[in-house]
Amino acid sequence: MKNPRCARNVRTRKYLDELIATCKPGTVLFTNDVSIALSTKFRSVSNRNVGLAMRERDDVELEQAGGAWRVK
């Protein structure tokens, strides 16, 4: 049986790949907005999952502690 947590993280990372590919450098993404968009597309995606997936990326940097990420 698949681990649903693992599948959710894979979906989150795949969505972020698609989203960031369409953004220009300097675009600000908010963790809350991304998690709301993911929750409408999939079920039960939290700010924590999005924040962890964003932290793993090299093409975004944390703008402020409130969850704003700037695309490099």
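At what angle do α2 and helix α3 pack, and how far apart are their axes? The model examined here is predicted, so-called local features needing pLDDT of at least 70 and side-chain atom pairs pLDDT 80 or more, while totals for chains, interfaces and linings use all residues. Residues are numbered from 1 along each chain as its sequence is written, and side-chain values use heavy atoms, without hydrogens or water.

Helix α2 and helix α3 (residues 47-55) pack at about 115°, with axes 9 Å apart. Axes are lines fitted to C-alpha atoms, for helices over the stretch in contact; angles run from 0 to 180 degrees between N-to-C directions. Helices (H or I, at least four residues) and strands (E, at least two) are DSSP runs numbered from the N terminus. From α2, the contact (heavy atoms within 4.5 Å) involves Thr31, Asn32, Val34, Ser35 and Leu38. Helix α3 contributes Asn47, Val50 and Gly51. These residues divide into 3 nonpolar, 5 polar and no charged. Here Ala, Val, Leu, Ile, Met, Phe, Trp, Tyr, Cys and Pro count as nonpolar, Asp, Glu, Lys and Arg as charged, and the others, including Gly, as polar.

Three strands form an open sheet in the order β1-β3-β2, paired antiparallel. Pairing requires at least two DSSP bridges between two strands. The twist averages 35° from one strand to the next. Strands β2 and β3 (residues 68-71) are joined by 4 bridges. Val60 has Val71 of β3 as its bridge partner. Helix α2 (residues 31-41) packs on this sheet and touches β1 and β3. Its direction makes about 60° with that of β1.
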